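Keep the 3D view open as you read.

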Amino acid sequence: MTPMSDVMVLLLTFFMLTATFVKEEPVKVNTPGSVSEIKIPTSNLMTIFVEKNGKIFLSLDTPEAMRKMAAEVNTDQNALIVENIETFAQVPMFGTPLDQVNSWVALDDRNAYLAKNPAAGIPCDSVTDELRVWVKAANDAIGDDKLRIAIKADKATSYKVIKNVMNSLRSVDKNRYNLITSLAGAEQ
């Protein structure tokens, strides 16, 4: 009995130390199914979330990358006050127009705002293309050859919205990106 309990403790310790945690996503995205099993990169990754109503949200894989991106946006747009950059770097996902970023960072429940507010989402259309600003800032902060982009769109999202996202990426010369899907036939 003792050797079995030793093995169980070792296995439990191993799984606890090697497990990776999934970031909290305030917006639910039901991805379409596919048969591809290609893994997306895990470092220097920017994920673009596209909700079924067309709202766009972003996340970067590390707080350091978020901090660098925010500093880069400030050099061009002056969107964040310096005191809010550290708080902004700790959020798992963001998605507000540039003129509302400071007020969003000051909120207590940012995730509820992103999930329920119709004004949430990064503008990405022919008139206001702020997604391009964020992608360019991340590209400049992380490095042109290092930044990897993944798009996670809801299966009910209109083609027009996805085309706008792709046009934004194309406008900053980011023509390579991964599309996140679920395994066809697998339950989400």
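## Starting from Ser59

Ser59 sits in strand β3, which covers residues 56–60. Bear in mind as you look that this model is predicted. With a relative accessible area of 6%, Ser59 is buried. Setting aside residues up to four places away in sequence, Ser59 touches Leu45, Met46, Thr47, Phe49, Pro92 and Met93.

## The sheet around it

Strand β3 belongs to an open sheet of 4 strands, ordered β3-β2-β4-β5 with mixed pairing. The edges are β3 and β5 (178–179), each of which pairs on one side only.

Which way do β2 and β3 run relative to each other, parallel or antiparallel? They run antiparallel, and 5 bridges join them. Within this pair, Ile48 stands opposite Leu58 in β3. The two strands form a hairpin with 5 residues between them, and Gly54 in the turn has a positive phi of about 95 degrees.

On to the pairing of β2 with β4. Strand β2 (residues 45–50) and strand β4 (residues 148–153) run parallel and are joined by 6 bridges. Met46 stands opposite Ile149 in β4, and the bridge partner of Thr47 in that strand is Ala150.

How many residues of β2 are buried? The count is 6 of the 6, so β2 is largely enclosed by the rest of the structure. In a regular strand, side chains alternate between the two faces of the sheet. In β2, Leu45, Thr47 and Phe49 point one way, while Met46, Ile48 and Val50 point the other way, and all are buried.

Helix α7 (residues 159–171) lies across β2, β3 and β4, running at about 155 degrees to β2.

## Helix packing and the core

Now for the helices. Two packed helices are described by the angle between their axes and the distance between the axes.

| Helix pair | Angle between axes | Distance between axes |
|---|---|---|
| α2 (residues 63–76) and α3 (residues 82–89) | about 145 degrees | 8 Å |
| α2 and α6 | about 115 degrees | 8 Å |

The crossing of α2 and α3 is right-handed. On the α2 side, this contact is made by Pro63, Met66, Arg67, Met69, Ala70 and Asn74, and on the α3 side by Ile85, Glu86, Phe88 and Ala89.

Helix α2 also passes α6 in a right-handed crossing. Here α2 contributes Ala65, Lys68, Met69, Glu72, Val73 and Asp76, and the residues of α6 in this contact include Val133, Trp134, Ala137 and Ala141.

Which residues touch the most other members of the largest nonpolar core? They are Ile48, Met69, Phe88, Phe94 and Trp134, in a core of 48 residues. Helix α6 (residues 130–142) gives the most to this core, with 7 residues.

## Out in the open

Helix α1 (residues 2–18) has 17 residues and reaches 24 Å from its first C-alpha to its last, close to the 24 Å expected at 1.5 Å a residue. Of its 17 residues, the number buried is 0, so α1 lies largely in the open.

## Two backbone details

Most residues other than glycine have a negative phi. Asn44 has a positive phi of about 55 degrees although it is not a glycine. Asn44 lies in the loop between β1 (33–34) and β2 and is partly exposed, with a relative accessible area of 28%.

For Asp173, which is also not a glycine, phi is positive and near 60 degrees. Asp173 is placed in the loop between α7 and β5. Is Asp173 buried or exposed? Asp173 is exposed, with a relative accessible area of 62%.

## Stepping back

The protein chain has 7 helices and 6 strands, which run α-β-β-β-α-α-α-α-α-β-α-β-β from the N terminus on. Its C-alpha trace spans about 70 × 40 × 35 Å along the principal axes. Buried residues make up 41% of the 188 residues in the chain. Among contacts with a separation of 6 or more, 67% are between residues 24 or more positions apart.

Note on methods. Residues numbered from 1 in each chain as written. Predicted model: local features only at pLDDT ≥ 70, side-chain atom pairs only at ≥ 80, totals over all residues. Heavy atoms only, no water. Buried < 20%, exposed > 50% of the residue type's maximum accessible area, 1.4 Å probe, protein only. Contact = heavy atoms within 4.5 Å. Pairing = 2+ DSSP bridges. Axes fitted to C-alpha atoms, helices over the stretch in contact; angles between N-to-C directions. Core = buried A, V, L, I, M, F, W, Y, C linked by side-chain atoms within 4.5 Å. Expected span 1.5 Å × (residues − 1). Left-handed = near helix turned anticlockwise from the far one by under 90°.
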